[in-house]
Amino acid sequence: MRHIISLLMENEAGALSRVAGLFSARGYNIESLTVAPTDDPTLSRMTLVTRGNEAIIEQIIKQLNKLIDVVKLLDLTEHKHIEREMMLVKVSVDGARDHVKHIADIFHGRVLDVTQLAYVVEVTGNSEKLDAFLDALQPVPILEVVRSGAMGIAAGDISLKI
Amino acid sequence: MDSRCIIDSSCVLQNESGLSGKSVKKYYLVLEKMSVELTGAEIFVQCLKDEGVKHIFGYPGGAVLHIYDALYQQKVVNHILVRHEQGAVHAAEGYAKSSQKPGVALVTSGPGATNAITGIADAYMDSVPLVVFTGQVPTSLIGNDAFQEVDTVGITRPCVKHNFLVKDVNDLALTIKKAFYIATSGRPGPVVVDIPKDVTAEKAEYHYPESIEMRSYKPTSDGNSRQIKKAIDFMLAAKQPMVYSGGGVILGGGAEALNELVHELNFPITNTLMGLGGFPSSDRQFVGMLGMHGTYEANMGMHHSDLVIAIGARFDDRVTGNIEKFCPDAKVIHLDVDPASISKNVSVDVPIVGQVEPVLRALLAELRLRKQKPDQDALKKWWTQIEEWRSRDCLKFDQGSDKIKPQDVIQKLHQVTNGNAFVTSDVGQHQMWAAQYYGFDKPNRWVNSGGLGTMGFGLPAAMGVQMANPEAEVACITGEGSIQMCIQELATCLQYQLPLKIILLNNGYLGMVRQWQEFFYDGRYAMSYVDSLPDFVKLAESYGHVGMKIEQPGDVEQALKDAFAMKDKLVFMNFITDPEENVYPMVPAGAGQNEMILV
């Protein structure tokens with residue numbers, strides 16, 4: 001099952017590699033990982049997307065908690081939550097300008113850069129929505145895709161904070 | 001007076017060793033009031049003193065020269081010069097395992113750090129509280145492929161509890177405090193502190209915090225009281241219980257409490273390799289070690305039990321055998337300080353996260369409160385069954401052989417030392433025989449490399465044990481393969497007059513490899529015959545020690561007596577043993593615990 005895990009960790013050099021190293025050393029799946037400092041500059045917030053059965057997810061959570069730099073952790077999958085990912089897509093628009101613009105509008109995307117031959121489109125949403133956008137663009141040739149990886153936050157009054 | 005007054009640091013260090021008790025107190029009062037600037041190297045030494053460190057094991061080099069200079073100018077912290085950095089870390093492990101104090105090692109950058117890694121990984125696997133200091137190239141050169149540079153923090157990351165690179169001298173004291181705190185609390189483990197050379201030269205105000213809190217690290221101490229009640233419910237209802245205790249009992253100082261609980265319940269108990277000594281092996285309730293080379297009664301008892309009470313043990317693959325066949329009918333209570341150990345390999349019915357000692361006390365209190373005993377009829381039947389398994393006498397061996405039997409050497413070692421020696425071992429057949437036949441009655445006496453299985457561990461570990469226990473008898477049980485992996489430490493033993501007794505069980509083979517090749521590779525002994533062995537007697541003598549060669553079974557006991565009578569000498573005893581002896585019982589890899597090969 002797919003799990004989205006949020007964690008707060010000390011904003012120290014090497015903290016990211018401790019998490020990445022843990023996943024590779026123990027053979028856990030890692031689908032995406034995003035990290036940036038929070039409003040408190042001593043803390044970084046990371047969102048991890050991983051897959052595994054119940055026992056593996058339990059181990060992943062325990063092993064993450066065991067890392068000395070990890071301050072707090074929340075498995076968002078266990079709560080109502082909001083998930084967002086950003087994608088930048090460069091598409092060839094030779095003879096397909098209207099089609100691309102139309103699809104971008106449907107997905108609430110924005111065209112950020114326009115040239116004779118290519119558009120750069122920004123789309124935000126959950127991962128399935130981004131997948132759907134790429135499908136919908138067909139048959140327009142896609143030149144580049146950049147995805148941020150998912151980030152998430154719990155809905156309502158559950159908060160991951162110290 | 002200006003509160004930022006600077007005391008000349010060399011004067012600080014000199015004063016300290018020369019002052020009487022009263023004036024030391026006064027001096028510290030002065031220290032408290034004034035902020036003192038010290039160099040990083042002096043801060044390092046002062047931190048060790050404030051942490052109460054008496055011994056460190058190390059090897060100098062370019063990046064740690066400032067530190068060595070500061071160590072040279074004081075007498076409180078004794079530095080033991082090893083002959084290879086691997087030896088330094090194993091010695092620190094032996095020190096820690098036999099004394100319940102953290103072990104400390106100091107090595108230089110680059111090859112100093114990489115040589116230390118085997119020891120660090122060993123300590124990680126066996127949860128040994130260590131602080132390992134590594135020198136690093138100056139901060140300005142980090143990342144430059146400088147001379148003797150290696151990314152120590154990167155290279156050690158997967159095999160430490162935590163590690164630090166100290167880039168600012170102002171962070172040094174706090175980092176060292178954190179390192180000791182992390183290494184010794186919760187599930188202990190090695191912590192590496194990497195210190196660039198320029199940081200040891202720069203000055204900063206010295207302040208060593210008395211205690212420390214970390215928002216990201218708060219190890220659990222007391223167990224959940226609901227789980228403790230539930231555990232007692234399970235124990236009182238059990239008909240065929242088995243207590244299975246491991247190294248955590250020894251690390252957590254829980255042997256006494258375990259003793260009380262197991263006696264109160266009258267349950268059988270087995271120990272893991274790391275847990276030996278956690279319960280007296282001479283006690284009737286002890287059924288021996290379990291696992292791949294465990295006793296018949298321990299493994300059968302586990303397999304047929306309806307309740308496994310795991311205490312400070314982690315269901316290692318060498319214990320469980322084939323996990324699919326492990327304890328098919330048992331409920332499992334698991335007490336461990338590390339939540340990640342619980343339900344990792346075996347799913348647990350009653351998890352208790354906490355320090356072994358206080359949780360065992362809480363279990364005892366709860367049990368006494370109930371004023372109830374476990375099912376006595378069932379227990380009586382269970383003990384009858386266990387005694388029947390025990391009567392199989394699975395550790396018997398040929399007593400009439402004209403060759404020296406390794407098992408016999410270990411049993412005689414027990415007799416000659418009255419079972420009171422500290423025993424270290426290397427890795428292989430001799431390690432298993434030591435575990436099976438020495439019979440440990442006290443905790444912290446058995447020091448071996450269980451998790452990583454590091455050949456070369458035994459001799460340097462024994463040095464650490466002897467440093468921590470100067471009056472004790474220390475024996476290193478080893479093989480001719482293992483001993484050659486850290487043989488250089490014989491020089492260290494001479495320099496520091498460490499009167500170890502080295503019990504070499506020399507069968508001319510890498511015995512455990514040979515045994516597997518005999519059982520599973522149709523006797524094709526690929527590379528397991530150790531040809532061209534040195535003359536160990538001459539070798540010992542060339543290092544300034546006493547060497548003995550023992551070839552007749554009838555000479556074993558007297559030789560051991562002679563060796564232990566030489567109180568201030570290291571004696572290297574080369575026992576020429578039966579080359580084809582195997583370790584029994586054996587659970588072959590992939591088999592269930594009840595599927596043992598017996599003699």
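**A helix pair and a loop glycine**

Helix 17 of chain B passes helix 18 of chain B in a right-handed crossing, meaning that the near helix is turned clockwise from the far one by less than a right angle; helices here are DSSP runs of H or I with at least four residues, and strands are E runs of at least two, numbered from the N terminus. This is a predicted model, in which local features need pLDDT of at least 70 and side-chain atom pairs count only at pLDDT 80 or more, while totals for chains, interfaces and linings use all residues. Residues are numbered from 1 along each chain as its sequence is written, with chains lettered from A and ligands numbered from 1 in the order in which they are written.

The axes of helix 17 (residues 406-416) and helix 18 (residues 429-437) of chain B, lines fitted to C-alpha atoms over the stretch in contact, with angles from 0 to 180 degrees between N-to-C directions, come within 9 Å and cross at roughly 45°.

Elsewhere in chain B, Gly456(B) lies in the loop between strand 16 (446-447) and helix 19 (458-468). Gly456(B) is buried because 26 other C-beta atoms lie within 10 Å, the cut-off being 20 or more, with C-beta atoms placed from the backbone. Gly456(B) and Ile487(B), 31 residues apart in sequence, are 7.9 Å apart in space, C-alpha to C-alpha.

Terms used:
A residue is buried if 20 or more other C-beta atoms lie within 10 Å of its own, exposed if 12 or fewer, and partly exposed in between; C-beta atoms are placed from the backbone.
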